Amino acid sequence: FTTEAITLVLHHSQNPDFYDEVKIELPTQLHEKHHLLFSFYHVTCDINAKGTVKKKEPLETAVGYAWLPLMKDGRLMSQENHIPVAANLPPGYLQFLDAGAGKQYG
C-alpha cells in the first residue's frame, strides 16, 4: 500500500481544482477510523538572483489539513464530498464530524 500521493494546484488559487486522479487499494475490512488525510502546503517559488531559494524560508510550509472518513453508519462513503480545510490538525481530529464545523461525534 502507498501512504501518500502528491498533486499540484494553480498558484494562489482561491478555489483550487485538482486534476489528478489517485487510486488507492483499501483493506478488505474497513472500520469507522479508516480515513483519508489531506495536507496542504505552500511551496516556495521565490528564487534569488543566484538561482537558489532565499535562506531562512522553508521550501514547504503547511497551510492546512482536511480529513475524510471512509465509512459512515457502517457504509462506505462513495459520493462526491466537499470538505473544509482546517488551519491546524487538532489532536483527536477523527472525533470531529468535519474539518471546519467543530462538531463532534456523539
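The chain exposes about 9100 Å², and carbon and sulfur atoms supply 54% of that area; accessible areas are from the Shrake-Rupley method with a 1.4 Å probe, and for residues only the protein chains shown count as cover. This is a predicted model, so to speak of local features we need pLDDT of at least 70, and side-chain atom pairs count only at pLDDT 80 or more, while totals for chains, interfaces and linings use all residues. Residues are numbered from 1 along each chain as its sequence is written, and side-chain values use heavy atoms, with hydrogens and water left out.

Of the 106 residues in the chain, 12% are buried. Buried is under 20% relative accessible area, exposed is over 50%, and partly exposed is in between, with a 1.4 Å probe and protein chains only.

Now the secondary structure. The chain has 0 helices and 4 strands, in the order β-β-β-β along the sequence. Helices (H or I, at least four residues) and strands (E, at least two) are DSSP runs, numbered from the N terminus.

On contacts, meaning heavy atoms within 4.5 Å: among those in the chain with a separation of 6 or more, 42% are between residues 24 or more positions apart.

Next, the aromatic rings. Rings of Phe, Tyr and Trp (its six-membered ring) pair if their centres lie within 6.5 Å; planes under 30 degrees apart are stacked, over 60 edge-to-face, and the rest tilted. That rule gives 1 aromatic pair. The partners are Trp-67 and Tyr-93, tilted, with 5.2 Å centre to centre and 55° between the planes. Trp-67 sits in strand S2 (residues 60-69) and Tyr-93 in the segment after strand S4 (75-76), so the pair links distant parts of the chain, 26 residues apart. Trp-67 is buried because its relative accessible area is 3%, and Tyr-93 is buried because its value is 16%.

Then Val-9, in the segment before strand S1 (35-43). Is Val-9 buried or partly exposed? Its relative accessibility is 42%, so Val-9 counts as partly exposed. Leaving out residues up to four places away in sequence, Val-9 touches Pro-16, Asp-17 and Phe-18.

Last, charges. A salt bridge here is a side-chain nitrogen of Lys or Arg within 4 Å of a carboxyl oxygen of Asp or Glu. The whole structure has 1 salt bridge. The side chains of Glu-21 and Lys-23 form a salt bridge, at 3.7 Å from N to O, and both residues, Glu-21 and Lys-23, are exposed.
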